[in-house]
Every structure is written in structure tokens, then in C-alpha cells.
Amino acid sequence: MPDELERAPRQNLPGNWHIAVPARTADDRALAEASARLQRSIERLFRRSLHIRHVDSGSCNACESEIKQLTSPYYDLHRLGIFFTPSPRHADLLLVTGPVTHAMRGPLLRTYDAMPDPRLVVGVGACAAGGGVFGPSAYVRGGLEGLLPVDVYIPGCPPTPLALIYGLLLAVNRVEQRVHGASSELAIAMPPIQVSGPRREPQPETEEQP
Amino acid sequence: MRDMLSRISSHANVEAHLRALRAKLTEEAQAALAPLFERLISSGCELTPNGSELIIRASTQDGMALARALITTEGTYLADLFADRHDVGPLALHLLLGVEAPSMWVHVVMPAEPDVALASLVDVSPAMSWYERELWEEAGIVVSDHPYLRRLRLPAHWPEDAYPVRHGPDELLALTGSQAEPETAEARIPLVGIDDEREELDPGPEGVVDYPLGPVRSGVLESGHYLIRTVGEEIVDFRLQLSYKHRGIEQRALGLGHLHIPLVAERISGMSGFAHALAVCEALERAGGVEVPARARYLRTLFAELERIYNHLGYQADLCQATGLVVGQAQFDILKEQVLRLNGQLTGSRYLFGTCVFGGVAVDPSSEQLAQVRALVASLRRKVHHLGKMLFNSPSHVDRLDGTGILLPDDARAWCAVGPIGRASGQDRDTRRDHPYAAYAELAFDVPVLHEGDALARARVRLDETIQSLRLAEQVLDKLPSGPARVSSAEAPRDTSALGWVESPRGEGMHWLRLDASGRIARYRVRTASFANAQTFPLSIPGRNILTDFPVIEQSWALSYAGADR
Amino acid sequence: MSTRLGWVIRGLRTGIVTTRYPARRDPEATRGVRTHPVLHPDSCGAADGCDACVRVCLPGALAIEASPKRDDDAAPQPGAALWLDLGRCIGCGLCAQTCPEGAFVMASDHELATRSRETLRMARPMGTSSANR
């Protein structure tokens, strides 16, 4: 990641989340520079025309519905030069939804292998980022981390079409990454609920990071 | 005294229901099962408080005889068959049947032993096939005479004895060792034939071409595999292979409480999320004797219908995409987006996630928001009517749907097709009308039924249902009662079981929960509409269809593989 | 005139005609849609041992752990922090509903995509003075 994005000032994000900065060695910095060069060349290649191959690795279908809405007249992905292609051989970007079930692991990897270089991978939703509500379990792998080299993660459950467009444009460097501590536009207040009984409910099993 | 009277009256009720059930059987069946019914009447049955579910506890022999008789009876149909670890004996077998007149669910509970074989019911009801395979793979219950007893859903690399119903999540994880990456690249389901008496397709003679499609398919589609066998253009055979999206929802639900189970149920199939959350919440409320306020019931109806509306609009858009009517696709996509945006504004989620909660709904729309809903519903009514007319007057679209992918009414009945697909093939069933929930008992709506069973009928049924849903939404807005939208502090049920049902946009969904002493889920069973219909899908492909009809047929069914696989 | 032809100049320079995303701001597009919680640390009781939000979060997106370092060479900040993993958050809002102090507000932000998984893990230190915010 380009250094200037890492050093983004935090004080202009009022009362909000900070980003954890992982420790950087000299090797990491060299890697960051190489990535920046690669990013710029990817941007040159895919700036005007990007073809996406979508793979559903076990999603609940809400992400697919949002992706399908991208070609609706409200969002019209084609005006940005982004298209869906049926063949991975013609694809520049692999768009993955779902938490990667065991049955889809093989087909997903074969689809990635069939794509020519340079290729990008974008993980859609909470499922691709970490398994979503399904989490790593005996049935699902729990996300793309460690399975494919992911270029962009788009959080959400499901991410709205606008969030998807932003993520796709980020993958080809047409927009700037904003999360270094998210701002809170349009904050919505949720109504409080009575937590009956003891305030601390016994916690149900949640999957922790392996 | 009052207790005794109530016990007597409830017993009388049970007896009345059992007699009504017996009256539906054929003469000879009644005669053959007379002693069985006598046994049941004297003991072993209960009726849930609102009379919707008759729970029959019987021995395995009695239960299977009853099942065999009832499944073939006119006016009863298979709703679900599953196993549980608890209750009578090491395993309990649960058979759920829907009955039409009187309208009720018949829930037969029988003990089962893992090593004792059950006789298959596939000979009387072909729909039993997948349910029995699941029994075998999930609980190890052997079913004899099953034409194709192979794993349906579980990952291929799991060992033989990894039975999800018999093990908790930790044991299952230990048995399957699934936190490690599977050794072989072929961790996927082996590509074999579906379950009927023919196993794999032998390579055909010269001139026969087999097209394997999927699981990664062209377009933004769910993962599923098809094998289409053609001679020239004509499709002569078809195989369906699902289970690529099996995420183990039922296992995921174990140990969850009432706060979290709707969140998981919503994501069984995201486009029917509210419906599944509704079924689960109603099941918990029924079990806990929680009375949901009237306003909440009406709001739930409103959200359920909004979900149905956007699903059906998206369906028409997808169907237009399949037939190449791009203008139609764009127009319906616009309408779908309008409804999704309304959902987001009303509830905070475009797919109504997090809206249905135990005891009511999480959001109470303001009067301005309700006015917006009313405005959109009115505008949609005009537009759907207008677009529908244009759509079914477009020869390029209608020609591809007419006579394509016919599901015969006899097949739909034998295989227990549900939802709009069943209704397009003559199955006059709608859970909202037959087993009313939320506020449907107080609202007026028609259930469109056609008999041609082709893609055109399925599209028409869905369009008519969209109009009916808009009509329902208007009625809800007119009649919306005031009051709380949520019970303020409801006790979650514990140490009991609960049945929930819903008419999701794709059809009838059944949910069953068993709760332990601390109110956490000990067994969760989901039978989605797409699971019931997926078995029937292959019947509509071979015969009179050409290869290029296949995308149209597939889109006209619009199965949710996420729902079918869970 | 110049603004009307601005896109021509831009297009000739960058080679892309449709540069503005989205074409114009459409507040209706995502109005009301929850994406993630935002914490007001003044009300948060984590310093006093409250972890209601952590317990109620189904995908495990919230955690109370040591504060992050501000940059490479700084010493770790004192005290604990509430961590939010945006990648795991499903936007259900249970944390906001459950918090006894009402310290959360649900936000609607649709430009959350990042290039690395690590960047999605964000922290809000507890019990720090306003100078550090």
C-alpha cells in the first residue's frame, strides 16, 4: 500500500475509530513500493475496461442480488467500463461472494487458475472477509484470507451496490481508500431494547479468529 | 376442576382432529388402521393451543403405517421428515404432513434406532427421496429399498460416521478435522446422478452430447451443477447436483438464543430472509405463549409482502434477461430497486435483515414513512399492471415461455411442489391462506392457480401474486392498528419444541426448533421451499425442450440454491 | 461553458469519460441502510468492565483488547480499546440496541472497502484524554 495512504492524518476524524498500523520493516517498505508500482500499472491496464468473473462460493444470495442490481439502470455498471464476463479466461477480476464452502473451494481455485495475469480478486461481504455469520466451521472455510491473494475486501452484509462500485473502483485505483478510521456520515440511531434479566447475557459460541 | 375440564376439552379436541384425519383416508385404509387410531385416541397425542399442530407420538411401526396411508391421501402432503437426537429413544423421527381440510399440521414423532432399517416411503411418495437420504446422512438411520441412498449434502471428504444430528459442533469439528485444509483438491461433491432409479448416466451412443454446466456458471448465478444430455438440439436427459452451498445452518444454530437465531435464519436465503426470520420468531412465540401485539403482526405482514414484491419483480427481470428482453429486464430492475430502497429506509436493511425479532418487529415506521410506503405501493400497482400487460404481449418473450419446461400437475402433486411453482401446476396451496400467521387471517387476498405448468404459467402466477401482494400491503396500511411494535420483555421459551411456517416468496418454509433448559437451541431443522422444489426441477427439463430453452426454464423456476442447500 | 466541457478535458487527459462516481450524489440510494456501529467513547463503560456489546455480537466483530500503536515507532497506548472488525460486522445493530449506556450509533457509510484485511480492524481506545483523540 502506498505510504502516503498509511500516514493519513487521524485527527480530522472526530471522535472515531482509529486504524491499527502494523509494524513495518525495511522489507515491508520495499514491498509497499513494489505494490505501489504494480497498482499503477494495474490502473493503466484496467482503468477503462474491467471484466469481472463472479463466483458464488456459498453465499446466501443477498450479495448476488446486490451484484445483479449493479447492471440495473440505477447503477449502470457499464457506464464505468465494467462488465461481467462468463469466462474466466476473459476476466480481469474475480468477484467472490460467500464464505467458501468445502464443496466450492475446488471450483473457486480452478476459476482463479483459469484467469490470465494480471488479475485481481475482490471479496464481497462479511462472508468473504471472515465467514460472516457462518464463520469458519466444519462446513465452511470462512472467507478468502489465506486462500486467494485478495486485492480488495468490501465489507457489508450485503454491501450495497454503491459500496460494491466503490470497492471495484478501488481495486483499479480509480478512487482513494477512505478507511483509516471510518467517518460516520448519516448516522442512524437504533432504538434501545430491554435486555431482560442480567445485563450480561451468557455469550453464545462465536468463531474467533484462528 | 378447571384444569380437568380443560384437559377433557383439549382431549376432545384431539379426538375430533384425529377423527377428521381418519375420515380423509380411503375406506380400506380406515379399516386397516382402525386399531391404530383407537390407540392414538386413547393416548399419545396433543394439540397445540391454537389447534394448528397435531402432535402424534407413536411407535415406529404405527407411525410408518400412518405415514404410508396419509401421504397418498387426497388433501395431505409431505412437509418434512427429519431426525432428532432427543425425545423417545436414541433418535426420534419426525414426520410433518400438511393437511388441507381441516387445515392443520400433523406431526408424527416416532423412535428410531440408528441400526434398525426403516422401510422407504419412496414407493408411495417420490418426494420422500431426498428427505430419506438426509435422514441417513445426518443421523445414520438406514432406509431400506431406497433407490439411491447416497450422501445428499455433506462434504465428500467427511468420514462415514460424522453424523451432524448425533454430534455437537465441537465433536463434528473433531471428527471431520475441517479446520485444516482438505488434503485433496477434490473436496467437492462427486459429480454423480441424482436420486432416482437410474444412477450415473452411461456415456451415450454417438450423436449424444452431454453438457456439464457449473457450479461456476455464466452470469451472476448461484452455484449448482447440471448435466444436460442432448441429441441434436433436444434435451433427452438431465441431472441436477446441488449441495455446493451447504453451510451447515442447522449446526450453526445450536446454542444460539432468541436474539441471534433470526439473524442466522435470515441468511439461509437472503432474498427470503424476512420470511425465514418470521417463521423462527413465530415458532418461538408459539412455544413461549407470547402474544405478539396486533401492530407487530400487521407490520410483519407488510414487510413479508414487501419482500415478496421485490422477489417477484426481480424474477420477472431475470426471466426477461433469459429471454433476451432487455427492456423488460431494465424496467423490472428499476421497480425492484425502488422496493429495496424503501426497505432500507424503513428498516435499515435493503433485505429486511434484523427486522423480525422475537416478540415483534425491531422498527416501527413513522407516519411519514408509512405514507412513503403507500405512495410506492400505489405507483407499483399501476406500473406492474402496465408492465405486465406489455410483458405478456411481447411475442419474443412469450414465445420462449409458452409450453417450455412443463411440470405436469400430476408430477407436482406426487412430488409435493410448493409455492408459485406448485400453483402454476395446479397445486392450490398457500400457507398464508391455509395456515394463517401474522395478520393474514384478517386480510383478503386471492391465490392465483394455473394448470399448464409451463414457464408462462409460472411467470403469470408470479405476476398475479405481485398484484395480490400490493393489495395486501394496501390493506395493511389501511388497517394498521396502533400500539407497540414489540413485546417489551418476553420470556424466551425453554425446554420445549416449536414449529414455525411461512409462505416465503418461493413457497412454504417449515422451521422446527427444540430448545434446552436454558432456552438455547438444541436442534434446528429447516425445510425451505427450494429444497422441496429442487427435487421436482429435473422433471421439467427433458422432453419437448431444446438446449437453448434451458436458461429460460431455469430462470422460470428461480430456485434458491442457498435455500435448498442450507 | 468551461464547466460543461470540463469532462471533455478530463476525459482527454485521463482517458476515462465516466470519472465521477457516482454521477451525482444520490442520497436516496442508501438512505437509512445500516453498515457499522460508531462508538461515542465518553459513554462507553468498557473501562468499568462492561462487555455487553462484545457478548451480543454474533459474528464476533467486537472485542476489547489492548490499544493499538499509533504508528510504527510509538509506544503502545495505555489502557484497553474496543476493536471493531469491519470485515466481520454484519450491521445488525444488536450492539447499539444492547449497550446499557447507549454509546453506539449505527452509521451508514458505503465507502468502506479496503485493500488489506488488516485495515478493516479498527480500534477505539478507552479512557484516553481528549488530547489523544
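Helices (H or I, at least four residues) and strands (E, at least two) are DSSP runs, numbered from the N terminus. On that basis, chain C has 3 helices and 5 strands. The model is predicted, and local features need pLDDT of at least 70, side-chain atom pairs count only at pLDDT 80 or more, and totals for chains, interfaces and linings use all residues. Residues are numbered from 1 along each chain as its sequence is written, chains are lettered from A and ligands numbered from 1 in the order in which they are written, and side-chain values use heavy atoms, with hydrogens and water left out.

**Chain C**

- The order of elements along the sequence of chain C is α-β-α-β-β-α-β-β.
- Of the 133 residues in chain C, 54% are buried; buried means under 20% relative accessible area, exposed over 50%, and partly exposed in between (1.4 Å probe, protein chains only).
- Among contacts in chain C with a separation of 6 or more, 67% are between residues 24 or more positions apart, where contact means heavy atoms within 4.5 Å.

- Strands β14 (residues 507–515) and β15 of chain B run antiparallel and are joined by 6 bridges; two strands pair if DSSP finds at least two bridges between them.
- B:Leu515 is placed opposite B:Ile521 of β15(B).
- There are 5 residues between the two strands of this hairpin, and B:Gly519 has a positive phi near 80°.
- Strand β15 (residues 521–527) of chain B is mostly covered, with 6 of its 7 residues buried.

**A buried loop residue**

- B:Ser125 lies in the loop between β6 (118–119) and α4 (128–139) of chain B.
- The relative accessible area of B:Ser125 is 1%, so this residue counts as buried.
- Beyond its neighbours within four places in sequence, B:Ser125 is in contact with B:Ile71 and B:Ala414.

**Salt bridges**

- Over all chains, the whole structure holds 49 salt bridges, each being a side-chain nitrogen of Lys or Arg within 4 Å of a carboxyl oxygen of Asp or Glu.
- B:Arg514 and B:Asp84 form one of them, with 2.6 Å between the closest N and O atoms.
- This pair links distant parts of the chain, 430 residues apart: B:Arg514 is in strand β14 and B:Asp84 in strand β3 (residues 76–84) of chain B.
- B:Arg514 is buried at a relative accessible area of 14%, and B:Asp84 is buried at 2%.
- B:Glu250 and B:Arg525 form a salt bridge whose closest N and O atoms are 3.9 Å apart.
- The partners are 275 residues apart, with B:Glu250 in helix α6 (residues 249–252) and B:Arg525 in strand β15 of chain B.
- B:Glu250 is buried, with 9% relative accessible area, as is B:Arg525, with 1%.
- B:Arg300 and B:Glu282 meet through their side chains in a salt bridge (4.0 Å, N to O).
- Here 18 residues separate the partners: B:Arg300 is in helix α9 (residues 294–323) and B:Glu282 in helix α8 (residues 273–288) of chain B.
- B:Arg300 is buried at 0% relative accessibility, and B:Glu282 is buried with a relative accessible area of 8%.
- A network of salt bridges links B:Asp80, B:Asp84, B:Glu134, B:Arg153, B:Glu250, B:Arg514, B:Arg523, B:Arg525, B:Asp565 and B:Arg566.

**The interface of chain B and chain A**

- Chain B brings 64 residues to the contact and chain A brings 53 residues.
- About 4800 Å² is buried between chain B and chain A, 58% of it from carbon and sulfur atoms; buried area is the accessible area (1.4 Å probe) that two parts lose on being put together, summed over both.
- On the chain B side, B:Val220, B:Arg247 and B:Arg252 lose the most area to chain A, together 15% of what that side buries.
- There are 3 salt bridges between chain B and chain A.
- A:Glu66 and B:Arg350 form a salt bridge through their side chains (2.8 Å, N to O).
- On the side of chain B that touches chain A, α5 (169–176), α6 and α10 (326–347) of chain B each supply at least two residues.
- With 8 residues, α10(B) gives the most to that side.
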